[in-house]
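Here is a briefing for a reader who is new to this structure. Take a look at the model before reading on.

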Amino acid sequence: MEITGENGIGNILKVFLQFCFIIGIVILVSLPFILKIFGLNLNASMFFIYPNGILLLIIMYRFIELFDSLKNNNPFCEENIKILKSAGITTFINCLFWLIDFLYEIFFAKSNDVVLNLMLIFMVILFFGVSVALYILSELFRKAYEYKKENDLTI
Amino acid sequence: MIIVNLDVMMSKRKISSYELAKKVGITPANLSILKTNKGKAIRFSTLNEICKVLDCTPGDILEYRDEDDENKE
């Protein structure tokens with residue numbers, strides 16, 4: 001199956017991401033109401049969903065732009081390097097937010113909820129891994145862009 | 001640095017960019033990159049074709065200039 005181009009899988013993924021982006025906004029806006037339905041309040045720990053959610057929406061928006069370049073059959077461009085790098089940095093900030101949330105749960109909220117604490121540790125490790133992976137990917141894209149540029153300028 | 005003196009040879013042989021590009025088998029855009037020294041590398045096959053069409057040697061087209069001398073000037 002084709003990945004780039006007008007009918008490539010990149011285009012389908014872009015539509016899927018746009019759908020997720022809209023759903024993400026709807027969930028963030030309606031979060032207090034959703035919590036109310038389940039009889040929960042928007043406490044400090046739950047509030048961490050907002051900065052994390054907004055950052056994830058930013059990453060998603062940038063990735064929609066990235067899939068646009070797949071449609072144009074030009075994945076190795078300077079813009080994509082910037083997108084991957086900024087996504088890596090944003091994911092690292094996300095990781096820090098999860099870490100703050102975890103520390104808050106342990107030291108301030110004195111939470112005994114093992115499942116919640118394990119989930120928060122998992123999120124910290126996951127986001128840290130993703131941020132490093134995105135940064136490495138951006139560097140790989142930079143190398144590919146340099147090779148492509150050199151190849152294009154070889155007459 | 002290597003300087004491409006293609007326009008000098010082209011004016012000597014009285015040949016246009018479009019005609020040379022067509023005879024060599026490259027696009028006029030790529031020939032322009034070569035003429036304006038923006039190219040990163042040149043294939044032997046392209047150099048061979050250019051020399052054949054312009055009836056010259058690679059030395060007539062390519063020239064080495066010391067970058068330090070260039071900066072002093």
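Residues are numbered from 1 along each chain as its sequence is written, while chains are lettered from A and ligands numbered from 1 in the order in which they are written.

**Confidence**

- Chain A has an average pLDDT of 87, and 97% of its residues score at least 70. Here pLDDT is the predictor's confidence in each residue, from 0 to 100.
- Where pLDDT is low, the predicted coordinates should not be read in detail.

**Chain A**

- Chain A has five helices and zero strands. Helices (H or I, at least four residues) and strands (E, at least two) are DSSP runs, numbered from the N terminus.
- The radius of gyration of chain A is 19 Å, whereas a compact globule of 155 residues would have one near 15 Å. This radius is taken over C-alpha atoms, and the globule rule is 2.2 Å times the number of residues to the power 0.38.
- Its C-alpha atoms fill a box of roughly 65 × 30 × 25 Å along the principal axes.
- Of the 155 residues in chain A, 14% are buried. A residue is buried if 20 or more other C-beta atoms lie within 10 Å of its own, exposed if 12 or fewer, and partly exposed in between, with C-beta atoms placed from the backbone.
- Helix α1 (residues 9–37) of chain A bends by about 60° at L31(A). The bend is the angle between axes fitted to the seven residues ending there and the seven starting there. A proline, P32(A), follows within four residues.
- α1(A) is hardly covered, with one buried residue among its 29.
- Just after α1(A), G39(A) has a positive phi of about 75°.

**Chain B**

- Chain B has six helices and two strands. Their order from the N terminus is β-α-α-α-α-α-β-α.
- The radius of gyration of chain B is 13 Å, close to the 11 Å that the globule rule gives for 73 residues, so chain B is as compact as a globular protein of that length.
- The C-alpha atoms of chain B fill a box of roughly 40 × 20 × 20 Å along the principal axes.
- Buried residues are 12% of the 73 in chain B.
- Y18(B) sits in helix α2 of chain B. Y18(B) counts as exposed because it has 10 C-beta neighbours inside 10 Å.
- Y18(B) and L31(B) are 13 residues apart along the chain, and 8.6 Å separates their C-alpha atoms.

**Contact and cores**

- Four residues of chain A and 11 residues of chain B form the contact. Two residues are in contact if their C-beta atoms, placed from the backbone, lie within 7 Å.
- The largest nonpolar core has 10 residues, among them I155(A), V4(B), L20(B) and L31(B). Such a core is a set of buried Ala, Val, Leu, Ile, Met, Phe, Trp, Tyr and Cys residues joined through C-beta atoms within 7 Å.
- Helices α1 (6–13), α2 (17–24) and α3 (28–35) of chain B each give two or more residues to this core.
- A second, separate core of eight residues includes F67(A), I83(A), L84(A) and L134(A).
- Leaving aside neighbours within four places in sequence, L31(B) is in contact with S17(B), L20(B), A21(B) and I26(B).

Terms used
This is a predicted model: local features need pLDDT of at least 70, side-chain atom pairs count only at pLDDT 80 or more; totals for chains, interfaces and linings use all residues.
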